[in-house]
Amino acid sequence: MSKAFTREDDAPDPIIPRRVTDPLPPGARNYLTPDGARRLRAELDRLVQIERPQALASPDPSLAREQLQNLDQRIQHLHQSFQSAVVVEPPAGVINSVRFGATVSVRERSGEESRYRIVGIDEADIERGWVSWLSPIARALINARLGQRVRLRLPSGEEELEVIDIVYQ
C-alpha cells in the first residue's frame, strides 16, 4: 500500500459536527405550550448540569467525545428553540373552536374516536397523541368548531373527521 494512504500517528479521527437543522419553515414562530416550555427547560438544565459533566468525567475518551457531541447538539437545538419560542397560554373562558394547545377528540366516519393535542414542534409525541401545529391533522383541525366536520387529506386519500370535544389544559 502506498504511504500516502496510511497515517503515521495514532490520533483519533476528528469529530465532524452534525449540522442542526431547524424543522420550522423560515419565518414561522416556535410556539410552545406552557407545560412544554417547562419540560424543555428542565431537559436543558438536566443536560447542562448533570449529563454533560458526567460525559466529561467518562474514563473512555472516544465514548466521551461521542456523548459530548450528541449532548452539545441537543443543547444547541434547545437553545435555538428557546430563542425563537413563543409560549402560548390557553385561552380563558369557554372556547368552542380549536386553537393551539387544544386537546381535540374526533370521530371518523367508521365511528372510531381519536384524541389529539395540538402542540409545538418540539413537544410533538405521536405515542401520546400530541401533534405539531404544522402537521396535516392539526392544520385540518385548527379553527374547527365543536360539531364541525373537517376534511383531512392523506396520501391514502381523504378522511372526514367530526370534532366531538375540545379541551384546553
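**Aromatic contacts and ring–charge contacts**

Modeller: This is a predicted model. Within it, Y31 has a relative accessible area of 25%.

Colleague: Is Y31 buried, partly exposed or exposed?

Modeller: Buried residues lie under 20% relative accessible area and exposed ones over 50%. The relative accessible area of Y31 is 25%. Y31 therefore counts as partly exposed.

Colleague: Is F100 buried or exposed?

Modeller: The relative accessibility of F100 is 12%. The cut-off for burial is under 20%, so F100 is classed as buried.

Colleague: Which geometry class describes the aromatic pair of Y31 and W133?

Modeller: The ring centres of Y31 and W133 are 5.1 Å apart, with 70 degrees between the planes. Planes over 60 degrees apart define the class, so the pair of Y31 and W133 is edge-to-face.

Colleague: How many residues apart are Y31 and W133?

Modeller: Y31 belongs to strand 1, whereas W133 lies in the loop between strand 5 (130-132) and helix 3 (136-141). The pair thus links distant parts of the chain, and the separation is 102 residues.

Colleague: Which residues do ring pairs link into a cluster?

Modeller: The structure holds 2 aromatic pairs. Y31 pairs with W133 in one of them. The cluster linked by ring pairs consists of Y31, F100 and W133.

Colleague: How far is the charged end of R128 from the ring centre of W130?

Modeller: A charged end also sits over a ring at F82, where R41 lies 4.2 Å from the ring centre. For R128 over the ring of W130, the distance to the centre is 3.8 Å.

Methods:
Residues numbered from 1 in each chain as written. Predicted model: local features only at pLDDT ≥ 70, side-chain atom pairs only at ≥ 80, totals over all residues. Heavy atoms only, no water. Phe/Tyr/Trp six-rings, centres within 6.5 Å; stacked < 30°, edge-to-face > 60°. Buried < 20%, exposed > 50% of the residue type's maximum accessible area, 1.4 Å probe, protein only. Helix = DSSP H or I, 4+ residues; strand = E, 2+ residues; numbered from the N terminus. Lys NZ or Arg CZ within 6 Å of the ring centre and 35° of its normal.
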